[in-house]
Amino acid sequence: MALETIRDQPRAVELLRRALGGERVAHAYAFVGPAGSGRMTTARAFAQALLCETGRACGRCRACTLAASAQHPDLHVIVPTPPESNPRGARTIRIGAIRELERQAALRPALGGRRVFVLDEAERMTGESPQAFLKFLEEPPVGTVVILALPGVRAVPATVISRCQIVRFQARGAGQTATIVGEALALLQAARGEGAPALFRRTDRLDRDRAEALIDGCWLLCRDLLLARAGAPAVLLSDAERAAELTAEAGRWTDDDLLAAIAICRQARETLINNVTPRLTVEMVVGRLLARAA
Ligand SMILES: [Zn+2]
C-alpha cells in the first residue's frame with residue numbers, strides 16, 4: 001500500500017512523504033494517536049516505502065511485494081503477546097522480544113539497505129523492556145528504522161519518546177464515521193444477499209486497523225438503527241444522507257436484538273485487542289449480527 005492512498009491523516013502522511021523525498025529519515029518514529037486511527041496501516045505503508053527498491057512504494061518490485069504480504073525479511077512487526085504459560089494473561093512486549101530486535105538489527109539487511117522494526121502498542125513494554133529498548137535507541141545500528149505505535153506521548157518513558165520523531169494521528173472525524181457506517185452496512189447487506197463467499201471476499205487480507213474500523217462501523221450502525229427505530233431525526237444519525245436506507249434496515253430488527261448486537265461488537269473489539277485474527281473477528285461479528293436481523 002502506498003502512503004498516498006491514506007487519505008484521512010494528511011499531516012502525518014505529508015511529514016513522512018517529506019522524509020522519503022530527501023529530508024532525513026529518522027532512526028525512530030513515534031506514531032501517536034488512538035487505536036483505529038490508522039497508525040499501523042500507515043506504519044506498514046511507510047515501511048514498504050523505506051524498503052522499496054525505488055524508494056517510493058512502487059508496489060511492483062520484489063521488496064514491495066514481500067512487504068505487502070508481510071514476508072519481507074527486513075520488516076519486523078512486534079506485537080504484545082500473552083505469557084507462554086498463560087494464553088489468557090496480559091499481553092505485553094517482554095524483554096525477550098527486545099533482545100530479539102537487538103539481535104536482528106545487528107545483522108546486515110537481507111535485501112536492501114535498511115531494516116525496519118514496527119512495535120505495535122509500544123506502551124505495553126514491561127519490566128526491563130523499556131530500559132533495554134532505550135539503550136538500543138541510543139545507538140541504533142546504521143540503516144535501522146524503528147516505528148512505535150502508541151496512544152499518547154506519555155505512554156512510554158520520556159527518555160524513549162525524546163529520541164523519536166513524533167508523528168501525530170487524529171481520531172476519526174464525522175466524515176470518516178459516516179464512511180465506516182456505510183462500509184459496515186454494505187458488508188452486512190452483501191453477506192445477507194450473497195452469503196458467506198461475499199463475506200470472505202470482502203474480508204480477504206484484512207489488517208487489524210481495518211478490522212477495528214469495520215467493527216466500530218457495525219457498532220455505530222447498530223446505534224443508528226436504534227435511533228431510526230425510535231423515529232429520531234436524520235441529523236442525529238452518523239450519516240443523514242443514508243437516513244432512508246437506515247430506516248429500511250431498521251425494520252428488520254427489534255430493539256433487543258440491536259442491544260445484543262451492540263454487546264457483540266463491544267466484545268469483538270476487546271477480542272481484537274487480544275490478538276485474535278482480524279478477519280475471523282469481523283466474520284464472526286457479521287455472522288452473529290445477521291443471525292439476529294430478520
Ligand atoms: Zn517497490
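This is a predicted model: local features need pLDDT of at least 70, side-chain atom pairs count only at pLDDT 80 or more; totals for chains, interfaces and linings use all residues.
1. The donors themselves are the SG atoms of Cys52, Cys58, Cys61 and Cys64, which coordinate the zinc ion at 2.3 to 2.4 Å. Along the sequence, these donor residues follow the spacing C-x5-C-x2-C-x2-C.

2. Turning to the helices, α9 (residues 208-229) packs with α12 (residues 278-292) at an angle of about 15 degrees, the two axes being 9 Å apart. That angle makes α9 roughly parallel to α12, because angles under 35 degrees count as roughly parallel. The crossing in which α9 passes α12 is left-handed.

3. On the α9 side, the contact with α12 is made by Arg208, Ala211, Leu214, Ile215, Cys218 and Cys222, while α12 contributes Pro278, Thr281, Val282, Val285 and Leu289. Sorted by class, the residues of this contact comprise 9 nonpolar, 1 polar and 1 charged.

4. Helix α7 (residues 174-194) also packs with α12, here at an angle of about 70 degrees and with the axes 10 Å apart. This makes α7 roughly perpendicular to α12, because angles of 65 to 115 degrees are counted in that way. The crossing of α7 and α12 is right-handed.

5. In this second contact, Leu187, Leu188, Ala191 and Arg192 of α7 meet Val282, Val286, Leu289 and Leu290 of α12. The contact of α7 with α12 holds 7 nonpolar residues and 1 charged residue, with no polar ones.

Technical notes
Residues are numbered from 1 along each chain as its sequence is written. Side-chain values use heavy atoms; hydrogens and water are left out. Axes are lines fitted to C-alpha atoms, for helices over the stretch in contact, and angles run from 0 to 180 degrees between N-to-C directions. Helices (H or I, at least four residues) and strands (E, at least two) are DSSP runs, numbered from the N terminus. Angles under 35 degrees count as roughly parallel, over 145 as roughly antiparallel, 65 to 115 as roughly perpendicular and the rest as oblique. A crossing is left-handed if the near helix is turned anticlockwise from the far one by less than a right angle, and right-handed if clockwise. Contact means heavy atoms within 4.5 Å. Ala, Val, Leu, Ile, Met, Phe, Trp, Tyr, Cys and Pro count as nonpolar, Asp, Glu, Lys and Arg as charged, and the others, Gly among them, as polar. Donors are N, O and S atoms within 2.8 Å of the metal (3.2 Å for Na, K and Ca); water is not among the atoms, so sites may look incomplete.
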